[in-house]
Number of protein chains: 4
Amino acid sequence: MLVVMQHSATEAEIETVCRVITDMGYTPVPMPGEQRTAIGLIGNDTRVDDTNLVGLPGVAQVIHVSKQYKQVSREWKPVSTVVSLAPGVDIGGGSIVVIAGPCSVESEEQILSAAHAVRAAGATALRGGAFKPRSSPYSFQGLGKAGLKLLALARQETGLPIVTEAMDEAGAELVAEYGDCIQIGARNMQNYSLLKAVGRLGKPVLLKRGMAATISDLLLSAEYILAEGNNQVVLCERGLRSFDTAARNLFDLNAIPIVQKLSHLPIIADPSHGTGFREYVSPMARAAVAAGADGLIVEMHPNPDRAKSDGAQSLFPEQFDRLMLDLRRIAAAIGRDMAQSGAPLKPTGG
Amino acid sequence: MLVVMQHSATEAEIETVCRVITDMGYTPVPMPGEQRTAIGLIGNDTRVDDTNLVGLPGVAQVIHVSKQYKQVSREWKPVSTVVSLAPGVDIGGGSIVVIAGPCSVESEEQILSAAHAVRAAGATALRGGAFKPRSSPYSFQGLGKAGLKLLALARQETGLPIVTEAMDEAGAELVAEYGDCIQIGARNMQNYSLLKAVGRLGKPVLLKRGMAATISDLLLSAEYILAEGNNQVVLCERGLRSFDTAARNLFDLNAIPIVQKLSHLPIIADPSHGTGFREYVSPMARAAVAAGADGLIVEMHPNPDRAKSDGAQSLFPEQFDRLMLDLRRIAAAIGRDMAQSGAPLKPTGG
Amino acid sequence: MLVVMQHSATEAEIETVCRVITDMGYTPVPMPGEQRTAIGLIGNDTRVDDTNLVGLPGVAQVIHVSKQYKQVSREWKPVSTVVSLAPGVDIGGGSIVVIAGPCSVESEEQILSAAHAVRAAGATALRGGAFKPRSSPYSFQGLGKAGLKLLALARQETGLPIVTEAMDEAGAELVAEYGDCIQIGARNMQNYSLLKAVGRLGKPVLLKRGMAATISDLLLSAEYILAEGNNQVVLCERGLRSFDTAARNLFDLNAIPIVQKLSHLPIIADPSHGTGFREYVSPMARAAVAAGADGLIVEMHPNPDRAKSDGAQSLFPEQFDRLMLDLRRIAAAIGRDMAQSGAPLKPTGG
Amino acid sequence: MLVVMQHSATEAEIETVCRVITDMGYTPVPMPGEQRTAIGLIGNDTRVDDTNLVGLPGVAQVIHVSKQYKQVSREWKPVSTVVSLAPGVDIGGGSIVVIAGPCSVESEEQILSAAHAVRAAGATALRGGAFKPRSSPYSFQGLGKAGLKLLALARQETGLPIVTEAMDEAGAELVAEYGDCIQIGARNMQNYSLLKAVGRLGKPVLLKRGMAATISDLLLSAEYILAEGNNQVVLCERGLRSFDTAARNLFDLNAIPIVQKLSHLPIIADPSHGTGFREYVSPMARAAVAAGADGLIVEMHPNPDRAKSDGAQSLFPEQFDRLMLDLRRIAAAIGRDMAQSGAPLKPTGG
């Protein structure tokens, strides 16, 4: 940590800063410069709370050199982490995984139809919400536990592991019981009680970036899960809040190489929420794979015109088929491949 | 709702949109224009999910005329709601309320000292966190239930009602037991499970605006609480995420008159988080009152240099005294007054 | 400047950084730490371009300790600068100046009517655009030179000095000829050719903050003007681009105390563009004065319903009268006063 | 256009709105609804200025159905425009064009070396700044006219057409004389005087998106150029201002398919400014091509460690070679190809 003093800081002010640093248990190292003095802090400063330094008289700025996160960083663990959703369905292992399905589970017919369609096109996991965080309390909120049971049925039919969202601790326990991967949505990225709870459950977690979260914020939220002893965390870029209404969100694909540099955790992209409109999903899905994403999570609905939520950003089945073909070519162009479905399809399946 | 068709939309595309609207249970009204056709939707459209219209061929845009929130709106209830934290401590009733105290409860001595100081200066409620949402899992997380007991002690000593944050349902129940108003922090503004829980508890709620929440988002989150039958909700502007590091957040004071126009709920401002630096707290506190805020929540610490969190934005006691004097003059200048402490001070108090 | 190395940086990488710093003419000072090495740079580093350091192998981050601007900083000149628009009309001297008038000059009748109205209410300068930067090439673009002549006529009638925008060098010369203060709009804040031109003209300049400019960017743009030898610069906060459509812009009043800390230049606020809606102008104007602004620039139109631009954010004359009364009370509450009109009104005036 | 009235609007208020619309020369069509009345406006409303409607009593919102831009829209001209930088060097014609070279022209040796290197790797045009818009007046500002002459020399040596920035009208005339395409930088995207000037010059224009510009703003700025009779405009996504310092800008690749839907003008991407760090340039360049960009503009420097500007985001020559190979594979994967250099290389060249 570096405390930069103002040009006009007095000797007494510099001494006070040094005293406060000493009181905190660290060693201050004043470095006089031509324009101003800076004071270094020696010691393991990852946990230093700078708030009682920032406001001291004569202090211009406090600069952190160490990062606040630890276990999620690539400096801590240089080898990429592989997160296993099910036997043979690994994220971060080189092959690109596609998690696909409807926004919400609506009915047995709908989720089975969707599961067979995405499986046939080459997806390796099924998404579908049973608990839906909606901005309005009057919007469709999901089928709850009944929806989880339908997802489990779809897994039984298709062999696809299930990725589905939990919004609270009770829901997380249910998802851990019926599903394979607990999704934490953007709105709950800094719901620390929930992060600790899913850390303790030990199931794989898909952690979506909040709509105004820095990449550092995202990694710190993942750190909450790892700090509970669970390193099976997949990060997900899903678009940021924007001033431009031309798209639903501002899809930050640069997060992919940045996260891959800073962390050993895999990162996937969600072009459905990232764009909000069906027609932009495929180009941005291709772009995400070209940028090096470890996977995608994509909304596909058997009948988007009648979807209960997110219809506008859900692909038609034939669009999804076409996208999977495109992705295979993009993956090959960058020397990667698409993951294969993990389990053999049941004889009666799609 | 209005569906705007593209300039090039065909008759068949227009007919499809009309059919989908009819299927949804509404009446479509096509309005051909010189440049393009727009299709109105007749019926009570507050709950219309537009997602299956946005993506239809030929649709350029879907425009919502009705708002998604209902019970929080001033159209629904023209008379301003008064939220009562304790007998005689009302927010939204005209007098300006100041809630003050340290970021975190750290010790008995600290919280009692803070409580006596803010009471003496004229604050009408005490703030202090027992459960702290911190970006890093390794930062100080608060004293928990022990902190709540210290807050209750401070109330006993000073008569000040307690405003303190809850991060999950279990915490909310504890806060409801020991405190007077449950604070929902910015990071949990869209934690809908928590919003429903505090709605059911029936205690007054202080709901902070999320760091990238629109005012409409804030009102929709409040709607979750009102939808559970609890209208004792105070909204709070505390600053938005910004590209400029000159301050901790971008303090959106214009939210005050906007919320007052759109909703009957009271709104207060938090200049401590809104700015992040002690030296900007007082000018922005004055500005918030001049803009018409129903109250303030301000961080004051008996010894900010040794605070365990938010020291840089905590006022020194003498700065807080001075601020309260300034606020009285500003309040008078706009024809309002500062609320008085609700309960007589105990004989033994500070 | 401080170059922070990655945890895994090799000795060779550290040596390369030191060599590049030496090649740039500075002295490198390696500081090994427990987690990572940081390398300080000794010498007058205000003009160091870090771009050839940031990308070197092993470099994690380059941190600037010195600021890039110089002449605009309060460290350079501790005493506040007073900008004089006309004899007796000073901004930054303690008294609060109100510049008011219509968005655009539309006709002789309109501008004279506006000038008399704002003068009567207590404004000390007249605003009105002759050259209008409009997002669409098909919107009204202003009367040009004819507009400037009408402004000069209004000054002759009322004694109010004229503040009006220039969009290019030729326009700036005309404004310098007919007006008293050259306004540079938000869209041109980083039009460096124009900044240099107005620096050379030597007239007072009103520099508006760009819609995504940091305060540091704003000060650097002002530095362009001061670097040409002209220190008569007034800064202006007018709202930032926002994700929330509830207002036209996000009005960053905290910029007022921040600029006053970092710079000796005066800063005023524009609540008309800052909010975009007439009903929010008055509360935010009051807030700006309470926050310590050196002045305001406010849109008032004799007949806003028929304004050719910005009608929605223009006050009616009677609203402006009321606002001026409110501002006097707010100014008194913080120990300041409102500036008086500089020149006696002509006998035939308003 | 649609004027939405408040729930509580009176008949008199509705009548006033209708009267104002009539006064503006349009026909009002009131549409009473269950919750509120909306008033449609019939007539060619592309040029309607809504500002005198927004502020009328009882008005809740004014909604624009028509877009403000015209000639740039795909509705106006469905066929994609091809912009020709030089014989055989077309942007928007299907083949993907790469414009590459250093941030600034620094010397004859540097620019010739760069030009030969990018030509050898397969670039089809040369970039290099002679006039540099720098945030600080004390940073390197470019070689000016001498730089343009060096660029012309490089074109003579390599046959590559020249793309270089102009910051004002005089500079634009010089660029038109020596170069092949006038670049307008992000900071000048709304410098309307400059846009009109380059419209009149008739040379191809590369218009970069401003750092907080919506896509609609970008198209409106292009409309200024087309309105002068020049449709040879290439749009460029170069990253937006962000709250996250992990990258220099927030690179909005979704702008590519959005612009391609809304406009017939070609769009390219600038991954150098879009990311700010060399290591992210290649993945994001690949992503831009996968998303469907019509081309790229990339910074490559023969010796980035010694660049006078933007060294951190400039590729090393061997990185650029590798990138071009990758791009060819990505282009093939989406059924496109990379443009070939237009002119045969001079015998004495690289």
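1. A salt bridge here is a side-chain nitrogen of Lys or Arg within 4 Å of a carboxyl oxygen of Asp or Glu. In this predicted model, Arg209(A), Glu237(A), Asp252(A) and Asp244(D) are linked in a network of such bridges. Over all chains, the structure holds 62 salt bridges.

2. Asp252(A) and Arg209(A) form a salt bridge whose closest N and O atoms are 2.8 Å apart. Asp252(A) sits in the loop between strand S12 (233-237) and helix H8 (255-262) of chain A, and Arg209(A) in the loop between strand S11 (205-208) and helix H7 (215-226) of chain A, so the pair ties together parts that are 43 residues apart in sequence. Both Asp252(A) and Arg209(A) are buried.

3. A salt bridge also connects chain B to chain A: Arg306(B) pairs with Asp23(A), with 2.8 Å between the closest N and O atoms. Arg306(B) belongs to the loop between S14 and H11 of chain B, while Asp23(A) lies in helix H1 (residues 11-23) of chain A, so the pair joins two chains. Asp23(A) counts as partly exposed because its relative accessibility is 44%.

4. Chain A as a whole has 350 residues, of which 65% count as buried. Its secondary structure comes to 11 helices and 14 strands, and its C-alpha atoms fill a box of roughly 80 × 45 × 40 Å along the principal axes. Of the contacts in chain A with a separation of 6 or more, 68% are between residues 24 or more positions apart. The accessible surface of chain A is about 11,300 Å², and 50% of this belongs to carbon and sulfur atoms.

5. How much area do chain C and chain D bury between them? The value is about 4,100 Å², with 47% of it on carbon and sulfur atoms. The contact takes 51 residues from chain C and 51 residues from chain D. Four salt bridges are counted between chain C and chain D. Asp217(C) and Arg241(D) meet through their side chains in a salt bridge, at 2.5 Å from N to O.

6. Arg286(A), in helix H10 (residues 278-291) of chain A, deserves a look. This residue is buried yet has no salt bridge; the nearest side chain of opposite charge is that of Asp326(A), 4.0 Å away. Leaving out residues up to four places away in sequence, Arg286(A) touches Leu323(A), Asp326(A), Leu327(A) and Ile330(A), as well as Ala290(D), Ala291(D), Gly292(D) and Ile334(D).

7. Helix H6 (residues 192-201) of chain C has seven of its 10 residues buried, so the helix is largely enclosed by the rest of the structure. The buried residues of H6(C) are Tyr192(C), Ser193(C), Leu194(C), Leu195(C), Ala197(C), Val198(C) and Gly199(C). Their cover includes H5, strand S10 (181-184), strand S11 (205-208) and helix H7 (215-226) of chain C. After H6(C) comes Gly202(C), with a positive phi near 80°.

8. H6(C) and H5(C) are also joined by charge. Arg200(C) forms a salt bridge with Glu169(C), the closest N and O atoms being 3.8 Å apart. Arg200(C) lies in helix H6 of chain C and Glu169(C) in helix H5 of chain C, so this pair ties together parts that are 31 residues apart in sequence. Glu169(C) is partly exposed, with a relative accessible area of 42%. Glu177(C) is also found in helix H5 (residues 169-178) of chain C and counts as exposed, at 56% relative accessibility.

9. Is Asp310(B) buried or exposed? Asp310(B) is buried, with a relative accessible area of 9%. Its position is in the loop between strand S14 (295-299) and helix H11 (317-333) of chain B. Although Asp310(B) is not a glycine, its phi is positive, at about 60°. In chain C, Asp310(C) has a positive phi of about 60° and counts as buried at 8% relative accessibility.

Key
Residues numbered from 1 in each chain as written. Chains lettered and ligands numbered in written order. Predicted model: local features only at pLDDT ≥ 70, side-chain atom pairs only at ≥ 80, totals over all residues. Heavy atoms only, no water. Helix = DSSP H or I, 4+ residues; strand = E, 2+ residues; numbered from the N terminus. Buried < 20%, exposed > 50% of the residue type's maximum accessible area, 1.4 Å probe, protein only. Contact = heavy atoms within 4.5 Å. Areas by Shrake-Rupley, 256 points an atom, 1.4 Å probe, with all protein chains shown as cover. Buried area = accessible area lost by both parts, 1.4 Å probe. Lys, Arg positive; Asp, Glu negative; His and termini not counted.
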